[in-house]
Amino acid sequence: MLKWLNVRKKREDAPDQGRGPAAERLELALLEGVRQGRRSDFDALYRLYHPRLSRFLTHMLRQADVLEEVLNDTLLVVWQRADSFDGRSKLSTWIFGIAYRKALKALSRQDLPVDAEEADEPVDDGPGPEQELGLVQLRGRLREAMAELSPEHRAVVELCYFHDMAYGEIAEVVGCPAETVKTRMFYARRRLRQLLDDLAGHHGELS
C-alpha cells in the first residue's frame with residue numbers, strides 16, 4: 001500500500017458535490033493528470049471520491065477497518081490503472097464498480113458480523129428530546145433493516161437513493177442487466193418494508 005494514499009481529508013473537502021457536466025469534466029481532467037503520474041491530481045480525485053465511497057462501502061461492509069482497506073484498494077486501482085478507463089461509461093460508474101467488486105471480495109474472505117449498534121450520532125440543538133429520540137430510533141431501525149439485506153440488495157438501494165444513480169448506471173457498477181437491478185430493487189424494497197414493520201413492532205413491545 002502506498003503510504004501517501006491516505007490523503008488528509010479536510011472538512012471542506014468532504015461534501016459530495018453536484019454530479020453535473022462541470023463536475024464530470026473536472027474529474028476527467030484529474031484522471032488525465034493521474035494517467036500522467038501527477039500526484040496532486042490523484043490527491044484531488046481522492047478527496048472527491050473518499051466521502052462518496054465511504055458512504056457506499058459503510059452500508060456494504062459495516063466494519064471501519066475493512067471499509068478503509070477496501071476504499072484504499074479501490075483508489076489504488078485508480079492510480080495504477082487509470083489507463084484502463086475507456087470512457088464508455090461515467091468515471092463515477094467505473095470507480096464505484098471497482099469498489100463494489102472489491103467489497104464483494106472482502107465479504108467473501110471474512111465472516112463479517114452484522115453490527116446494528118453504531119456509535120452515537122451527533123445531536124443537533126434544533127429538535128426537542130422526543131423528536132430527537134424518534135429520529136435516532138428511525139435511523140437505528142433503518143440501519144438494522146439494511147444490515148439484513150444481501151450485499152447485492154444493499155448496493156442497489158444505496159446507489160439509487162443515496163448516490164442518485166439510474167438503473168442503467170447501477171447495472172454498470174454491479175455488472176448485471178438493468179432488469180436484474182430492477183428485480184433486486186423490488187425485492188429489497190419489499191424486504192425493507194417487512195423488516196421495518198417487524199422492527200417497529202418489536203420496539204413497540206419493549207416500550
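Axes are lines fitted to C-alpha atoms, for helices over the stretch in contact, and angles run from 0 to 180 degrees between N-to-C directions. The model is predicted: local features need pLDDT of at least 70, side-chain atom pairs count only at pLDDT 80 or more, and totals for chains, interfaces and linings use all residues. Residues are numbered from 1 along each chain as its sequence is written, and side-chain values use heavy atoms, with hydrogens and water left out.

**View 1. Packing of helices H2 and H4.** H2 (residues 39-61) and H4 (residues 91-109) have axes that come within 11 Å and cross at roughly 40 degrees. The two helices are therefore oblique to each other (angles under 35 degrees count as roughly parallel, over 145 as roughly antiparallel, 65 to 115 as roughly perpendicular and the rest as oblique).

**View 2. Packing of helices H2 and H3.** The axes of H2 and H3 lie 9 Å apart, at an angle of about 140 degrees. This pair is therefore also oblique. From H2, residues including Leu 53 and Leu 57 meet residues of H3 that include Val 70 and Thr 74.

View 3. Thr 74 belongs to H3 (residues 64-80), a helix being a DSSP run (H or I) of at least four residues. With a relative accessible area of 0%, Thr 74 is buried (under 20%, with a 1.4 Å probe and protein chains only). The Thr 74 side chain reaches the backbone oxygen of Val 70 at 2.8 Å. Leaving aside neighbours within four places in sequence, Thr 74 is in contact with Leu 53, Ile 95, Ile 98, Ala 99 and Lys 102.

Definitions and conventions. Buried means under 20% relative accessible area, exposed over 50%, partly exposed in between (1.4 Å probe, protein chains only). A polar contact is a pair of N or O atoms within 3.5 Å; within protein, one must be able to donate a hydrogen and the other to accept it, and residues adjacent in sequence count only if both atoms are side-chain atoms. Contact means heavy atoms within 4.5 Å.
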